[in-house]
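Biologist: Before we discuss anything, could you put the sequence and the structure on the screen, so that we can go through them together?

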Amino acid sequence: MPQSIKDQARRMVRSALKSGKIIRPTICSICHRDPGAAIDGRSLLHAHHHKGYDRPLDIIWLCSGCHAHEDPRARGTRSSQSKLTDDAIRAIRLSDLPTITLAQKYGVHPTTVQRARRGVNWSHVDIAPNIPCEMRNSIRTQWPRTQSRPPTRLRRDSTTGYQGVRFDRQRNSYFSVIKVKGKRIYLGYFRDPKDASAAYEKARSQYYGDFAAAAEDQS
């Protein structure tokens, strides 16, 4: 159905409401509940063209939940407005490149990349489809949207040559740090960077478990 026809049908409904030809009810036609009103006073009932947009005034009134169930929005590659594919989303979530670089690479806004990384959008796309199903299920229950994967690559700006290990000039010693669920956990100071790296790997195994090994295989 062309978008112009949909827009025209919606305009006709608004015009009929203003003229009094159509009266908006107070309860949903399916669940028979009163959704109330928004903060600005607008009704939370939506007009649903259940018999098609070619019959613009033949509508029923639905609450947000029933309307979403009766008229689900296309997600991901099924959406005509989508610029990203499922594979692109997986690549974004597994990439260490800055958000702005990924946005320029895929031709989208940086906010789109951020929301894809956090799982706010494209939540139906599995980050690691080759990982066994039982392990993916444990990943979903373990990690929130803000933590899509464990770190698997050495930062490009690393000065120590070890992942999760940094050098403190004031103390003239090395320290290791790991990020878990959006928070940094400091693991202590060490004279030898190898000892700091060992502490990091131990914490990585402790916090990420089998998912760390699986992600390492995917990288």
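Biologist: In this predicted model, which residue in the turn of the hairpin formed by strand 4 and strand 5 has a positive phi?
Modeller: Strand 4, residues 173-180, and strand 5, residues 183-190, pair in the antiparallel sense over 7 bridges. The hairpin they form leaves 2 residues between the strands, and the residue in this turn with a positive phi, of about 55 degrees, is Lys 181.

Biologist: Which residue of strand 5 is the bridge partner of Val 180?
Modeller: Strand 4 covers residues 173-180 and strand 5 covers residues 183-190, with 2 residues between the two strands in the hairpin. The bridge partner of Val 180 in strand 5 is Lys 183.

Biologist: Is His 48 buried or exposed?
Modeller: His 48 lies in strand 1, which comprises residues 46-48, and, leaving aside residues up to four places away in sequence, His 48 touches Asp 58, Ile 59, Ile 60, Leu 62, His 67, Glu 70 and Asp 71. Since a residue counts as buried under 20% relative accessible area, and His 48 has a value of 10%, the answer is that His 48 is buried.

Biologist: How far apart are the end C-alpha atoms of helix 1, and what span should its 17 residues have?
Modeller: Helix 1 runs over residues 3-19, and at 1.5 Å a residue its 17 residues should span 24 Å.

Biologist: What do the buried residues of helix 1 pack against?
Modeller: The buried residues in helix 1 include Ala 9, Val 13 and Ala 16. They cover an arc of only 65 degrees around the axis, so they sit on the same side of helix 1, while the face turned away from that buried side carries the exposed residues Lys 18 and Ser 19. The buried residues of helix 1 pack against strand 1 and strand 2.

Biologist: How are helix 4 and helix 5 oriented to each other, parallel or perpendicular?
Modeller: Helix 4, residues 99-106, and helix 5, residues 110-118, pack at an angle of about 110 degrees with their axes 8 Å apart. Angles of 65 to 115 degrees count as roughly perpendicular, and therefore helix 4 and helix 5 are roughly perpendicular to each other.

Biologist: Which residues of helix 3 and helix 5 make the contact between them?
Modeller: Helix 3, residues 86-93, packs with helix 5 at an angle of about 80 degrees, the axes being 9 Å apart. On the helix 3 side the contact is made by Ile 89, Ile 92 and Arg 93, and on the helix 5 side by Val 113, Ala 116 and Arg 117.

Conventions
Residues numbered from 1 in each chain as written. Predicted model: local features only at pLDDT ≥ 70, side-chain atom pairs only at ≥ 80, totals over all residues. Heavy atoms only, no water. Pairing = 2+ DSSP bridges. Helix = DSSP H or I, 4+ residues; strand = E, 2+ residues; numbered from the N terminus. Buried < 20%, exposed > 50% of the residue type's maximum accessible area, 1.4 Å probe, protein only. Contact = heavy atoms within 4.5 Å. Expected span 1.5 Å × (residues − 1). Arc of directions from axis to C-beta. Axes fitted to C-alpha atoms, helices over the stretch in contact; angles between N-to-C directions. Parallel < 35°, antiparallel > 145°, perpendicular 65-115°, else oblique.
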